Amino acid sequence: MIHELRIYHCMPGRLPDLLKRFETVTLGLWDKHGIRQAGFWTTLVGESNMDLTYLLAWETLAERESKWTAFQADPEWLAKRAETEKNGQIVASITNQILVPTAFSAVR
């Protein structure tokens, strides 16, 4: 199992819009494409309270590539993302890492 750590750095004041989009749009489409989330977090103390951090769980990089590519190209996702951004861009930038657990990790 590998995990993908993604951090979405929001435009000022847009974190509530991103959270709503994940809750009402994105998670349902992830289910449709077989994308498994391992947790979501907002920042209580840190550099920015306008970040959304989450983990995705993948069996392999090949699974990630095929499912993520299909999700990104899904016409429903493209339409709903555009609709949620009609008042402007929500995400300023994304930080992304693929993580592999160590031999002593509690998470496998």
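## Getting oriented

An axis here is a line fitted to C-alpha atoms, for helices over the stretch in contact, and angles run from 0 to 180 degrees between N-to-C directions. Helices (H or I, at least four residues) and strands (E, at least two) are DSSP runs, numbered from the N terminus.

The model is predicted: local features need pLDDT of at least 70 and side-chain atom pairs count only at pLDDT 80 or more, while totals for chains, interfaces and linings use all residues. Residues are numbered from 1 along each chain as its sequence is written, and side-chain values use heavy atoms, leaving out hydrogens and water.

## How the helices meet

Let's start with helix 1 and helix 3 (residues 75–84), whose axes come within 11 Å and cross at roughly 170°. That angle makes helix 1 roughly antiparallel to helix 3; the label applies over 145 degrees, whereas angles under 35 count as roughly parallel, 65 to 115 as roughly perpendicular and the rest as oblique. Helix 1 brings Arg21, Val25, Thr26, Leu29 and Lys32 to the contact, and helix 3 brings Glu76, Trp77, Lys80, Arg81 and Thr84. Contact means heavy atoms within 4.5 Å. Sorted by class, the contact of helix 1 with helix 3 has three nonpolar, two polar and five charged residues. In this sorting, Ala, Val, Leu, Ile, Met, Phe, Trp, Tyr, Cys and Pro count as nonpolar, Asp, Glu, Lys and Arg as charged, and the others, Gly among them, as polar.

Helix 3 also meets helix 2: their axes come within 5 Å and cross at roughly 55°. Helix 2 and helix 3 are therefore oblique to each other. Here the contact is built from Phe71, Gln72 and Ala73 of helix 2 together with Pro75, Trp77, Leu78 and Arg81 of helix 3. The residues of this contact of helix 2 with helix 3 divide into five nonpolar, one polar and one charged.

## A cluster of rings

Next come the aromatic rings. Rings of Phe, Tyr and Trp (its six-membered ring) pair if their centres lie within 6.5 Å; planes under 30 degrees apart count as stacked, over 60 as edge-to-face and the rest as tilted. By this rule there are 12 aromatic pairs. One of them joins Trp30 and Phe40, with ring centres 6.1 Å apart and planes at 20°, so the pair is stacked. Trp30 sits in helix 1 (residues 15–33) and Phe40 in strand 2 (residues 36–42), so this pair ties together parts 10 residues apart in sequence.

Phe40 is partly exposed, at a relative accessible area of 27%; buried means under 20%, exposed over 50%, and partly exposed in between (1.4 Å probe, protein chains only). Phe40 pairs with Tyr54 as well: the ring centres are 4.9 Å apart and the planes at 25°, so this pair is stacked too. It links distant parts of the chain, with Phe40 in strand 2 and Tyr54 in strand 3 (residues 51–58), 14 residues apart. Tyr54 is buried, at 0% relative accessibility. Ring pairs join Trp30, Phe40 and Tyr54 with Tyr8, Phe22, Trp68, Phe71 and Trp77 into a cluster.

## The nonpolar core

A nonpolar core is a set of buried Ala, Val, Leu, Ile, Met, Phe, Trp, Tyr and Cys residues joined through side-chain atoms within 4.5 Å. The largest one has 20 residues, and Tyr8, Leu18, Trp30, Tyr54 and Trp68 touch the most other members. Two or more residues each come from strand 1 (2–10), helix 1, strand 3 and helix 2 (61–73). Helix 1 gives the largest share of this core, six residues.

Beyond its neighbours within four places in sequence, Trp30 is in contact with Phe22, Ile35, Gln37, Phe40, Tyr54, Leu56, Trp68 and Phe71.

His33 belongs to helix 1 and counts as buried at 18% relative accessibility. Apart from neighbours within four places in sequence, His33 is in contact with Lys67, Ala70, Phe71 and Asp74.

Ile2 is in strand 1 and is buried at 12% relative accessibility. Not counting residues up to four places away in sequence, Ile2 touches several residues, including Leu56, Trp58, Leu61 and Ile98. The C-alpha atoms of Ile2 and Pro101 are 7.1 Å apart, with 99 residues separating the two along the chain.

Glu83, in helix 3, is exposed at 52% relative accessibility. Glu83 and Gln97 are 14 residues apart in sequence and 28 Å apart in space, C-alpha to C-alpha.
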